[in-house]
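I opened the notebook to record, entry by entry, what I looked up in this structure. The entries follow below.

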Amino acid sequence: MKQSPPFTVRPHTRRRARPLLDLRPFLVALLCIGWIPCSSATLNVRDVATTLVAQMTANAGALKGNTMVITAFKNASDDETIDPSVLQEKLITAAVKAHYFTVVERDRLNQALAEMKIDQTGLIDPKDRKQLGHLLGANYMLIGTISGTADDVSVDARVVAIETGQVITAADYPEGKILVGRTPGKLPIADDELLDDGITVTLAQWSPKEFTIVTDATTPNAAKKSAVIWLVEKNILCDAQDVLDSWRPEIAAKIYRQPERYILGVTPREEAYYVRVNFPQIMRDLVFIIFGKTTPRVAINTTEQVLRRPVPDPAVQTTLAKAMLSYGFQVLDAEQAKKALSRESILQALTGDANASRLVEDAAGELHADIFALGESFAEERSTRDGFDARIEFRVVAAATAQLLASIQKSYCTTPDDLIPADRTSAVLAKYALQKGAEATAIQMCSEMLKAFGQPVYRLRVWKVNSYDQRAQILDGLKRALPGATVDATTFDVRSTHSAVFTIRTKKSADVIAQALAALVQPKIALSSIECRSLVGESK
């Protein structure tokens, strides 16, 4: 349909002017230009593609040497300038240049889809994925979603095993972006030296002992600092802003200002630095900053089984205990923990029994534990007999309160590219799968314990408190003896247990609180135990 002009030119009837220049073509051209949709933002698809491929090659050894189909991602964005097929083409190019896996040519993919009479969005169906994989001889498929706008795009990608539907690895863009330095009072780094805004940090590889981090900082020193800050704030203490805010001055002074203590190596690569970070050293320093010399005591126990196979040695428990010790936690003897876990009290605590708190406290008293890590682990050989799948589940419980601090589930699937032990018996392979799953569990478990116990709040229970006057005397005495601390009286049972519970918010150590209690004149308090974040005493 012909569009009407935005205005009407009326002919002049009085006299006819000599046309010097006909302007109508120029007006039409200008109007057409005005109708062309413009976008000042352009999506840097090359940067997106190389970032996603770098993450995939770093985190998924199973992909190496295998064939992968790269599909056009689903466009969940309202920005019509974003073309998923352009990103698909750049992903194919970046993947070919990586020389890590074989990529199916886009024309072959389109021909196969035409034969199957489906489009690329239909590949959600596992049957269609398997059929396509057989047609193209592919093992894996890259699928994903684009959201946001061209100038603020977000891309999530997943590599899926075509036969099983299992997600092998995931990648996103942007990944791990942090802004450091120029927000007043937020992140002091070192003296007057601050990092530039907008440094992008991504994870390339990890193990319980070492993290390899990629950063686009412009100097080696800035690369070290950005890697350390990212590891602390975006991995270990992520989602615990209250803990981070409480301890940021100490963390900045003892960790951020001397990042070289944690660096195993810095390698320049094109426009980025690869930084190898000593993860246990950072974790140990965080534990000692937050807890002081009285670090949490952890009792670890898990039932381990290999389905339809003899049970190997306790691989998960041994791996977890080794990691916890290297991170600065105290680990209790596994045999004692096993005896305590056989008690009905611990099992009741996990099911939410009304008496759980008292029963767990009794068990903790026997073990002198601050935290129980209770779990189940199993491994099973895949039906294809090409490896084992391990599943590890843990619940982290505070001993003093029976509070569930965290629930952790981890899986690990062995691949041909794993450093499989020379002994390839079923028991050894099953143990290997359990060990690898436990390594990932240990990192998350330590992070969860730091976040749960990271607030500098002590719990004090005093027995034989027989009146509200005694309770008030203890409260007032602690406030006088601990200037700057916040002391509150929480619960008081004057009928049966005759005990009062107080919370003390302070960064001072448990020993300082014990000295304050010993200095009370009336009533006199005799401490019977000093735990990580818990003290127990009796009124005399």
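I took helices (H or I, at least four residues) and strands (E, at least two) as DSSP runs, numbered from the N terminus. This is a predicted model, in which local features need pLDDT of at least 70 and side-chain atom pairs count only at pLDDT 80 or more, while totals for chains, interfaces and linings use all residues. Residues are numbered from 1 along each chain as its sequence is written, and side-chain values use heavy atoms, with hydrogens and water left out.

Entry on threonine 51. I found threonine 51 in helix α2, which covers residues 45-59. Its relative accessibility is 17%, so threonine 51 counts as buried (buried is under 20% relative accessible area, exposed over 50%, partly exposed in between, with a 1.4 Å probe and protein chains only). Leaving out residues up to four places away in sequence, I saw that threonine 51 touches Asp172 and Tyr173, where contact means heavy atoms within 4.5 Å.

Entry on glycine 137. I located glycine 137 in the loop between α5 (126-136) and β4 (140-149), and at 48% relative accessibility it counts as partly exposed. Its C-alpha atom is separated by 9.5 Å from that of valine 69, although the two residues are 68 apart along the chain.

Entry on the open sheet. I traced 5 strands in the order β12-β11-β13-β14-β15, with mixed pairing; two strands pair if DSSP finds at least two bridges between them. β12 (330-331) and β15 (404-413) stand at the edges with a single partner strand each, so one side of each is left without a neighbour in the sheet. Strand β14 (residues 388-398) runs antiparallel to β15 and is joined to it by 9 bridges, and valine 396 stands opposite alanine 406 in β15.

Entry on the hairpin. I noted that β17 (residues 486-493) and β18 (residues 499-505) pair in the antiparallel sense over 7 bridges, with valine 487 having isoleucine 504 in β18 as its bridge partner. The hairpin has 5 residues between the strands, and histidine 498 takes a positive phi near 50° there.

Entry on the cores. A nonpolar core is a set of buried Ala, Val, Leu, Ile, Met, Phe, Trp, Tyr and Cys residues joined through side-chain atoms within 4.5 Å. The largest has 72 residues, and those with the most contacts inside it include Ile213, Phe394 and Leu450. Helix α13 (residues 426-453) gives the largest share of this core, 12 residues. Apart from it I found another core, of 30 residues, including Val53 and Phe101.
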